[in-house]
Amino acid sequence: MLEILTGTGLAVAAGLNAYVPLLILGLAGRFVDVVELPAAWAWLANDWVLIIIGGLLVIEIIADKIPAVDSINDWLQTLVRPAAGGIVFGTGSASQTAAVSDPAAFFESDQWVPIVAGIVIALLVHGGKMLARPAANTLTAGAAAPVLSTGEDIGAVVLSLLALIVPVLVIVAILGLVVAVLLAFRRAGRRRHSVEPLPSPQ
């Protein structure tokens, strides 16, 4: 069960930002003794891989906070985020961490299953983000882009860390993320109605 929660948290994070969970997984495998990546995914802890992922993360963070550019970036990320979701679900669920002591016992066969699960989860989250962002930008004349993007980045970091350290809290974090998005849309709708001009009397 903890393996599923670990993989789910990382895959949801990848749907928000492909590079955050990849970088956190790689750094944890490289510098944290209690995190042991499976042999098939050990390349994530390579110095050059970490540098490349870090550079891509910086580009993603900047592009995702610019109205209109963020929508173009979402289209470009349609393949990247699901692929990252598959990688981090497969890696995270099969990694030995402080919370998961024997991951091989859970996924000793059908190792493609967690990868496919991660792709599907990240794709669903990414699809929701693609649909929500243009609507939010329209409601707020573009002001929502940096706010939502910052919230998504923070959410991706929190989910990634919880998935590795305290997987049972992943469910709570995901529910909190959903509530935060709904509240943001509600607030944006109220703000739009408050600034709409009143119809002139006939």
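**Entry 1: a buried pair**

For my notes, buried means under 20% relative accessible area, exposed means over 50%, and partly exposed lies in between (1.4 Å probe, protein chains only). Salt bridges that share partners join Asp64, Asp70, Lys129, Arg133 and Glu152 into one network. In the bridge between arginine 133 and aspartate 70, the closest N and O atoms are 2.9 Å apart. Arginine 133 sits in helix α6 and aspartate 70 in helix α4, so this pair ties together parts that are 63 residues apart in sequence. I used the rule that a salt bridge is a side-chain nitrogen of Lys or Arg within 4 Å of a carboxyl oxygen of Asp or Glu.

**Entry 2: what I am looking at**

This is a predicted model, in which local features need pLDDT of at least 70 and side-chain atom pairs count only at pLDDT 80 or more, while totals for chains, interfaces and linings use all residues. Residues are numbered from 1 along each chain as its sequence is written, and side-chain values use heavy atoms, with hydrogens and water left out. I noted that pLDDT is the predictor's confidence in each residue, from 0 to 100. The mean pLDDT of the protein is 82, and 82% of its residues reach 70 or more. Confidence is highest in α3, at 95, and lowest in helix α8 (residues 170-195), at a mean of 72. Where pLDDT is low, the predicted coordinates should not be read in detail.

I counted 8 helices and 0 strands. Helices (H or I, at least four residues) and strands (E, at least two) are DSSP runs, numbered from the N terminus. Of the 202 residues, 43% count as buried.

How many salt bridges does the rule give? The count comes to 9. In one of them, the side chains of arginine 81 and glutamate 60 meet at 2.7 Å, N to O. Arginine 81 lies in helix α5 (residues 80-93) and glutamate 60 in helix α3, so the pair ties together parts that are 21 residues apart in sequence. Both arginine 81 and glutamate 60 are buried.

Lysine 65 forms a salt bridge with aspartate 153, with the closest N and O atoms 2.6 Å apart. Aspartate 153 belongs to helix α7 (residues 144-165). Is lysine 65 buried or partly exposed? Lysine 65 is partly exposed, because its relative accessible area is 22%. Aspartate 153, at 13%, counts as buried.

**Entry 3: helix α6**

I looked up helix α6 (residues 112-140), which has 29 residues. From first C-alpha to last, α6 reaches 42 Å, close to the 42 Å expected at 1.5 Å a residue. The expected span is 1.5 Å times one less than the number of residues. The buried residues of α6 include Pro114, Gly118, His126 and Met130. Alanine 117 is also in α6, but at 25% relative accessibility it counts as partly exposed. Alanine 117 and alanine 11 are 106 residues apart in sequence, yet 8.5 Å apart in space, C-alpha to C-alpha. After α6 comes alanine 141, whose phi is positive, near 55°.

**Entry 4: two tryptophans**

I searched the whole structure for aromatic pairs and found 1. Tryptophan 41 and tryptophan 43 form this tilted pair, 6.3 Å centre to centre with 45° between the planes. Rings of Phe, Tyr and Trp (its six-membered ring) pair if their centres lie within 6.5 Å; planes under 30 degrees apart count as stacked, over 60 as edge-to-face and the rest as tilted.
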